[in-house]
Amino acid sequence: MSINTSTVAAPASSNASVAILVGRVLLSALFVLSGFAKLTAISGTAGWFESIGLPLPTLTAVVVGLVEFLGGLAILVGFKTRIAAILLAVFTLGATAIAHLDFADQMQVLMLQKNLGLVGGFLLLAAVGAGSISIDGRRG
């Protein structure tokens with residue numbers, strides 16, 4: 001019995017490219033919107049960050065907002081997708097460790113579970129890349 005290896009390295013089909021595009025849009029939406037909200041309400045975000053004990057809350061709010069917004073945009077358009085996906089996976093794990101480990105609060109448990117799902121999506125995106133319907137795909 002032989003294994004057909006020609007399909008292993010074959011480029012993604014158009015259906016797969018559309019699925020990857022839809023996945024990128026859905027993954028990025030949360031981060032683009034959340035980052036934009038943080039950047040347009042720095043004082044509120046900084047106040048919450050201060051309440052959970054984060055250092056330099058205003059600077060932290062700006063950095064977090066930029067990571068979410070710019071990382072989300074990179075995923076959305078498929079630019080440096082593998083790097084952005086890894087960055088957002090690590091970022092999401094960090095945010096989860098800082099703000100969503102109160103197992104007595106069911107909402108925090110739900111946020112933890114959601115974030116782990118997002119990390120899984122980002123790791124898959126890092127593995128498969130942005131697909132052909134992306135800036136990365138157009139650049140080769």
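1. Ground rules. Residues are numbered from 1 along each chain as its sequence is written, and side-chain values use heavy atoms, without hydrogens and water. In this predicted model, local features need pLDDT of at least 70 and side-chain atom pairs count only at pLDDT 80 or more, while totals for chains, interfaces and linings use all residues.

2. Helix α2. This helix (a DSSP run of H or I, at least four residues) spans residues 42-51. Its buried residues (under 20% relative accessible area, 1.4 Å probe, protein chains only) are Thr-45, Ala-46 and Phe-49. They cover an arc of only 100° around the axis, so they sit on the same side of α2. The arc is taken from the directions from the helix axis to the C-beta atoms. Ser-43, Glu-50 and Ser-51 are exposed (over 50%) on the other side. The cover over the buried residues includes α1 (14-40) and α3 (57-77). Gly-53 follows α2, with a positive phi near 85°.

3. Thr-96. This residue belongs to helix α4 (residues 81-99). Why is Thr-96 counted as buried? Because its relative accessibility is 4%. Its side chain reaches the backbone oxygen of Thr-92 at 2.6 Å. Beyond neighbours within four places in sequence, Thr-96 is in contact (heavy atoms within 4.5 Å) with Leu-101, Leu-112 and Asn-115.

4. Helices α1 and α5. Helix α5 covers residues 106-128. The two axes (lines fitted to C-alpha atoms over the stretch in contact) come within 11 Å and cross at roughly 135°. Residues of α1 that meet α5 include Leu-27 and Phe-31.

Definitions and conventions: Helices (H or I, at least four residues) and strands (E, at least two) are DSSP runs, numbered from the N terminus. A polar contact is a pair of N or O atoms within 3.5 Å; within protein, one must be able to donate a hydrogen and the other to accept it, and residues adjacent in sequence count only if both atoms are side-chain atoms. Axes are lines fitted to C-alpha atoms, for helices over the stretch in contact, and angles run from 0 to 180 degrees between N-to-C directions.
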